[in-house]
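This report describes a sheet and the charged side-chain pairs of the structure shown below.

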Amino acid sequence: MKTLLLITTMLFLTQLDVYAQTEFVLDPSQSMIMTGKGPGQDGTINPYDGQDCYALVKNIGNRAFSIRVQEEGKVIEEIPIEKGELKEVTLLKGYELYLDPNPEGIAKASVAYREWDKKK
């Protein structure tokens with residue numbers, strides 16, 4: 001019985017991780033929207049869409065790339081992210097998150113979201 005419970009728990013946690021984090025490969029000329037435009041346009045599913053949250057972006061490739069935060073077409077912030085680096089990006093309601101690759105080669109990223117910490 002304990003084994004069955006352990007296996008069920010492990011499967012649940014594995015599925016949770018699959019939904020919480022998504023990996024992307026970006027060609028040198030391919031800027032990609034992660035969240036902010038809505039269903040069918042976003043590269044990821046942000047479970048906190050419509051509210052303030054954090055995006056966790058990790059560079060899992062061999063080249064640096066940039067994270068861009070926009071609101072209604074206006075660039076709020078551009079953040080460089082080096083190989084192996086993890087960045088926590090504040091996404092206020094209405095913000096759009098983009099990944100912009102390095103023109104020198106393919107970029108790889110992992111994107112997840114975290115609930116807004118109201119105490120910060």
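A residue is called buried under 20% relative accessible area, exposed over 50%, and partly exposed in between, with a 1.4 Å probe and protein chains only. The model is predicted, so that local features need pLDDT of at least 70 and side-chain atom pairs count only at pLDDT 80 or more, while totals for chains, interfaces and linings use all residues. Residues are numbered from 1 along each chain as its sequence is written, and side-chain values use heavy atoms, with hydrogens and water left out.

Strands are DSSP runs (E, at least two residues) numbered from the N terminus, and two of them pair if DSSP finds at least two bridges between them. An open, antiparallel sheet of 4 strands runs in the order β2-β7-β4-β5. Because β2 (32-35) and β5 (74-81) are the edge strands, each with a single partner, one side of each has no neighbour in the sheet. Strand β4 (residues 65-71) pairs with β5 over 7 bridges in the antiparallel sense, and Arg68 stands opposite Glu78 in β5.

There are 3 salt bridges in the structure, a salt bridge being a side-chain nitrogen of Lys or Arg within 4 Å of a carboxyl oxygen of Asp or Glu.

| Salt bridge | N to O distance |
|---|---|
| Arg68 – Asp100 | 2.7 Å |
| Glu85 – Lys87 | 3.4 Å |
| Glu88 – Arg114 | 2.6 Å |

Glu88 in strand β6 (residues 86-91) and Arg114 in strand β8 (residues 107-115) are 26 residues apart. Arg68 counts as buried at 15% relative accessibility, and Asp100 is likewise buried at 15%, whereas Glu85 is partly exposed with a relative accessible area of 27%.
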